[in-house]
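Here are a few notes to read alongside the model, as one colleague to another.

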Amino acid sequence: MKQQQRTIWAGYAAAAWALVFAGVSFYWGLGGTLGLATLGREIEQLALARDPTTVAIGGWGAGAAKVLAALVALALVQPWGRSIPFQVRRIAAWIVGLLLVVYGIANFVQHGLMAAGIIPIPASFGAEALPWHLLVWNPWWLAGGLLFVALAWYATGDLRPQDS
């Protein structure tokens, strides 16, 4: 696979990851409840009570941040992104990717220590949410981070249209 094809694949995959994740956040922001129990007891209770801060930050704010991340990815593979200097776009992708990777790994470590009984599971988190974080949420964060890191790694400059 050529460098340009890798960049395009990584860019669209990272954008899709972010938009799917944004959709989940917006669903919860609109009052959806499916999957809330996988986040932890306190977050679930606040979301079910429609706590304004939780809805604003956890639903709408998180969703908007994920849409912004998708735009960072698309800016490296879409012609409209050329209005932003290449290095700014690439550094933004590195920042997003590295933050997501660090967050995913840190959560794996913390939740792994909880699962091993080395550190206690906070009551606000709850033992029921732990397997969801270890098997779904932590890998999801890490996967997104790796997609953004791959995009930043592969991006070498503005993409030229493919020859037909």
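A pocket here means an open set of grid points, on a 1 Å grid over the protein atoms alone, with protein on both sides within 12 Å along at least five of seven lines. Its volume is the space filled by probe spheres set on those points. With that in hand, please also keep in mind that this is a predicted model.

1. **Overall fold.** The C-alpha trace spans about 55 × 35 × 25 Å along its principal axes. Of the 164 residues, 38% count as buried.

2. **The second largest pocket.** By class, that gives ten nonpolar residues, no polar ones and one charged. Helices H1, H3 and H4 each contribute at least two lining residues, and H3 has the largest share with six.

3. **The largest pocket.** This one has a volume of about 630 Å³. Among the 29 residues that line it, Trp28, Leu39, Ile43, Tyr103 and His133 are the closest to its centre. Two or more lining residues come from each of helix H1 (3-29), helix H2 (41-48), helix H3 (52-75), helix H4 (86-115) and helix H5 (130-154). Here too H3 provides the largest share, six residues. The lining is made up of 15 nonpolar, twelve polar and two charged residues.

4. **Phe21 and its two tryptophans.** There are eleven aromatic pairs in the structure, and two of them deserve a look together. How are the rings of Phe21 and Trp137 arranged? Their centres are 5.9 Å apart and their planes meet at 20°, which is under the 30 degrees limit, so the pair counts as stacked. The pair joins distant parts of the chain, with Phe21 in helix H1 and Trp137 in helix H5, 116 residues apart. Both Phe21 and Trp137 are buried. Phe21 also pairs with Trp141: these ring centres lie 4.8 Å apart with the planes at 70°, and because that angle is over 60 degrees, this pair is edge-to-face. Again the link is between distant parts of the chain, from Phe21 in helix H1 to Trp141 in helix H5, 120 residues apart.

5. **What else surrounds Phe21.** Is Phe21 buried or exposed? Its relative accessibility is 4%, and since the limit for buried is under 20%, Phe21 counts as buried. The charged end of Lys66 sits over the ring of Phe21, 3.7 Å from the ring centre.

6. In soluble globular proteins, nonpolar side chains tend to be buried together. The largest nonpolar core in this model has 29 residues, and those with the most contacts inside it are Trp17, Ala73, Leu76, Ala93, Phe148 and Leu151. H1, H3, H4 and H5 each give two or more residues to this core. The largest share, eight residues, comes from H1.

7. **Two loop residues.** Arg50 lies in the loop between H2 and H3. Most residues other than glycine have a negative phi. The phi of Arg50, however, is near 60°, a positive value in a non-glycine residue. At 36% relative accessibility, Arg50 counts as partly exposed. Gln78 is found in the loop between H3 and H4 and is also partly exposed, with a relative accessible area of 23%. Which distance separates Gln78 from Glu128 in space? The two are 42 Å apart, C-alpha to C-alpha, and 50 residues apart in sequence.

Conventions:
Residues are numbered from 1 along each chain as its sequence is written. This is a predicted model: local features need pLDDT of at least 70, side-chain atom pairs count only at pLDDT 80 or more; totals for chains, interfaces and linings use all residues. Side-chain values use heavy atoms; hydrogens and water are left out. On a 1 Å grid over the protein atoms alone, a cavity is a set of points where a 1.4 Å probe fits but cannot get out, and a pocket is an open set with protein on both sides within 12 Å along at least five of seven lines; lining residues have an atom within 4 Å of a point. Helices (H or I, at least four residues) and strands (E, at least two) are DSSP runs, numbered from the N terminus. Ala, Val, Leu, Ile, Met, Phe, Trp, Tyr, Cys and Pro count as nonpolar, Asp, Glu, Lys and Arg as charged, and the others, Gly among them, as polar. Rings of Phe, Tyr and Trp (its six-membered ring) pair if their centres lie within 6.5 Å; planes under 30 degrees apart count as stacked, over 60 as edge-to-face and the rest as tilted. Buried means under 20% relative accessible area, exposed over 50%, partly exposed in between (1.4 Å probe, protein chains only). A charge sits over a ring if NZ of Lys or CZ of Arg is within 6 Å of the ring centre and within 35 degrees of the ring normal. A nonpolar core is a set of buried Ala, Val, Leu, Ile, Met, Phe, Trp, Tyr and Cys residues joined through side-chain atoms within 4.5 Å.
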